[in-house]
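Here is a short briefing on a structure. Please keep the sequence and the 3D view open while reading.

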Amino acid sequence: MAQITMTQALNLAIDEAMADDPGVFCLGEDVSAKQGGGVFKVTSGLTEKYGEHRIRATPISETAIIGAAVGAALAGQRPIAEIMLMNFVGVCMDQIVNHAAKLRFMSGGQTPCPMVIRTTTGVGVGFGGQHSDMLEAWFAHVAGIHVVTPSNPADARGLMRASIDANDPVIFIENILCYGLKAEDPGPGYRVPLGKAAIAREGTDISLITYGRTVLDALAVADDLAKEGISVEVIDLRTIAPYDEATVLASVRKTGRAITLHEAVRPFGTGAEIAANIQEKCWDSLKGPVRRIGGTFSAVPFASHLEQAWIPQKSDLIAQIKASVGKL
Amino acid sequence: MAEIDRDKLLDIYTRTMKVNRTDEKFRELLMGGKVAVMYYCVRGQELVSAAAMAALEKEDYVVCTYRGQGEQTAKGIPMEKWWGECLGKATGTCKGKGGTMHITDPETGIMVTTGVVGSGLPIANGLAMASQNNGDGRVTLVSFGDGAANIGGFHEAMNMAQLYKLPVIFLCQNNRYGEHTAYADHTDSPNIATRAAGYGMKGVTVDGNDVHQIYPAMQEAVARARAGEGPTLVEAMCYRMMGHFFGSDFSYMPPEHIAEMKAEDPLPKLRQVMLDYQFTEEELDAIVADIDAQINAAVEHALNAPLPDTDEIYKDVLEETA
């Protein structure tokens with residue numbers, strides 16, 4: 001099989017879903033051919049195939065974009081709405097939280113809302129405080145939404161396809177720094193079920209629970225620590241909410257230690273929820289407290305060295321793992 | 001003055017009285033302490049809703065607000081299901097999980113009732129976009145108040161609807177109040193419909209208390225949408241004759257304003273039109289008596305209906321929990 005980038009993986013998944021189902025369409029700022037197929041080219045080439053009705057370039061109107069996706073979903077279509085950068089969800093939270101997430105429940109199951117909200121973000125590209133945040137915890141706190149993020153091209157293809165299939169809203173987070181990653185193409189029709197984590201690396205001493213770009217850091221650190229005789233199990237959640245509790249708890253019961261890692265700021269982050277859950281349900285298996293690592297609790301800074309210092313550090317991850325397993 | 005044929009007029013009258021009698025009944029139940037729920041009275045706005053719904057086909061979509069009783073009952077939600085939902089019963093349209101502010105009944109085209117001012121407009125665009133995509137010929141009508149015209153989503157939705165020529169009708173029921181704030185205290189422009197020009201859209205202001213103005217305006221907006229000519233903003237001038245919600249203080253509504261409203265009450269005016277069309281007092285009374293009988297039976301049914309199981313709080317969250 002050919003090697004593909006994450007951008008190509010997402011494009012292929014959307015393309016085949018649009019070919020299979022005339023109810024699938026994309027809308028968002030700059031997504032059509034006239035604007036180059038999206039700022040990160042994820043919808044490149046699709047306008048030529050499916051026309052401007054199915055690749056709708058919109059005004060800069062996030063509330064209208066998400067509202068339109070909600071309405072189309074209620075009418076039985078499967079919109080893929082793009083919010084160019086994740087911080088812009090602040091402009092359309094009412095449509096996501098009060099409408100997309102709740103209409104299935106509030107209607108007594110009559111009006112499910114099958115839609116994907118694609119959005120991109122990431123720290124480390126110099127975009128500053130309003131274009132970089134990982135805001136997954138905002139959505140994980142709301143009942144009625146799936147929150148998904150891939151860490152590699154194969155998962156990107158499979159998770160996107162499964163997200164388009166899902167009969168509920170999905171927040172699909174793409175990390176800017178992962179678009180260029182290359183891996184083997186899993187091929188047409190590939191799906192990764194929502195709510196199912198991957199054991200990205202097996203280990204026996206500690207469970208490292210993470211998702212998205214920080215999976216790469218976790219795997220690199222696990223490689224390094226293996227040389228020192230520390231065996232780290234890396235869990236890539238893939239679906240952040242509702243997450244694969246069974247896989248996480250089974251891993252922690254095996255290793256007896258856990259650490260959560262995410263790019264989002266640490267306080268009240270998804271790591272806190274996962275850590276609390278582990279402590280409630282795996283107390284007897286735990287050999288020490290569950291630790292949490294996250295971004296610095298401030299806005300993402302601009303200057304490159306500040307931004308690099310803001311990001312969860314591999315050195316901190318190594319230190320915390322060593323402290324946890326008693327090998328400091 | 002545009003002529004309305006006799007059958008259509010009868011249809012509008014029947015829908016108007018259904019809205020009015022439902023409103024009266026709800027207030028009677030609330031005042032008598034029989035039920036204690038949030039209810040947003042529609043007294044004074046009955047004709048606007050009825051004429052708008054009479055201009056639509058059964059398959060057309062409607063998005064309304066918490067003050068949506070008029071659209072909901074006039075579009076034809078079965079009364080037992082409507083009252084069941086309002087009283088939080090398992091027999092309600094949404095199994096008692098939506099309530100008065102979130103009535104949904106896709107079978108009659110009531111797709112969303114939003115409790116958030118102005119949020120319905122962007123969603124209506126999406127319903128209309130689906131119809132434009134799949135060519136099903138439906139139009140979507142979204143109803144909202146003058147207060148909603150000042151929220152960002154209004155402007156975003158109007159611009160997008162016109163840009164794509166979506167088959168949508170924006171019905172602004174200008175009832176002179178946004179929650180507890182009088183029109184002049186929230187907006188300086190004399191009306192809302194003039195805003196349509198800013199988006200290149202057709203906008204009209206009509207007297208919502210005059211059936212000969214409101215119905216033809218709705219009919220034309222629906223015809224334009226259906227013909228692919230794009231959206232229309234119809235501003236229906238009307239009065240909210242009660243407070244923001246049942247039981248709320250409305251001392252902020254000045255007496256001269258209340259007198260003005262009473263003089264413009266759409267119900268006596270519509271009745272006079274009916275008499276002018278040679279309907280008899282007896283015929284009109286019989287229609288109302290029939291509606292009252294249906295409402296009383298539906299209320300009785302809802303009062304005696306079972307409550308939803310407490311397990312329902314876990315259901316319909318995601319498909320997996322359906």
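The points below go from whole chains to single residues.

This is a predicted model. Chain A has 12 helices and 14 strands, and chain B has 11 helices and eight strands.

**Overall build of chain A**

- The radius of gyration of chain A is 20 Å, close to the 20 Å given by the globule rule for 328 residues, so chain A is as compact as a globular protein of that length.
- The C-alpha trace of chain A spans about 60 × 45 × 40 Å along its principal axes.
- Buried residues make up 58% of the 328 in chain A.
- Take the contacts in chain A between residues at least 6 apart in sequence: 79% of them join residues at least 24 apart.

**Overall build of chain B**

- In chain B, 53% of the 322 residues count as buried.
- Among contacts in chain B between residues at least 6 apart in sequence, 74% link residues at least 24 apart.

- Strand 3 of chain B covers residues 140–145, and six of the six are buried, so the strand is largely enclosed by the rest of the structure.
- B:Thr140, B:Val142 and B:Phe144 point one way from strand 3 of chain B, while B:Leu141, B:Ser143 and B:Gly145 point the other way. Both sets are buried.
- Strand 1 of chain B (residues 61–65) runs parallel to strand 3 of chain B, and three bridges join them. B:Val63 has B:Val142 as its bridge partner in strand 3 of chain B.
- Strand 4 of chain B (residues 168–174) also pairs with strand 3 of chain B in the parallel sense, over six bridges. Here B:Ser143 has B:Leu171 as its bridge partner.
- Helix 6 of chain B (residues 152–164) forms a right-handed β-α-β unit with strand 3 and strand 4 of chain B.

**A helix pair in chain B**

- Packed helices are described by the angle between their axes and the distance between the axes.
- Helix 2 (residues 46–54) and helix 8 (residues 211–226) of chain B pack at an angle of about 35°, and their axes are 8 Å apart.
- The crossing of helix 2 and helix 8 of chain B is right-handed.
- Helix 2 of chain B contributes B:Leu47, B:Val48, B:Ala51, B:Ala52 and B:Ala54 to the contact, and helix 8 of chain B contributes B:Val211, B:Ile214, B:Tyr215 and B:Met218.

**Backbone exceptions**

- Most peptide bonds are trans, and most residues other than glycine have a negative phi.
- The peptide bond from A:Ala241 to A:Pro242 is cis, with omega near -15°. A:Pro242 sits in the loop between strand 12 (239–241) and helix 9 (245–255) of chain A.
- B:Gln278 has a positive phi, near 75°. B:Gln278 lies in the loop between helix 10 (266–276) and helix 11 (281–304) of chain B.
- B:Asp316 also has a positive phi, near 65°. B:Asp316 belongs to the segment after helix 11 of chain B.
- B:Asp316 is buried, with 24 other C-beta atoms within 10 Å.

How values were computed
Residues numbered from 1 in each chain as written. Chains lettered and ligands numbered in written order. Predicted model: local features only at pLDDT ≥ 70, side-chain atom pairs only at ≥ 80, totals over all residues. Helix = DSSP H or I, 4+ residues; strand = E, 2+ residues; numbered from the N terminus. Rg over C-alpha atoms; globule rule 2.2 N^0.38 Å. Buried ≥ 20, exposed ≤ 12 C-beta atoms within 10 Å, placed from the backbone. Contact = placed C-beta atoms within 7 Å. Pairing = 2+ DSSP bridges. Right-handed = clockwise from strand over helix to strand, strands pointing away. Axes fitted to C-alpha atoms, helices over the stretch in contact; angles between N-to-C directions. Left-handed = near helix turned anticlockwise from the far one by under 90°.
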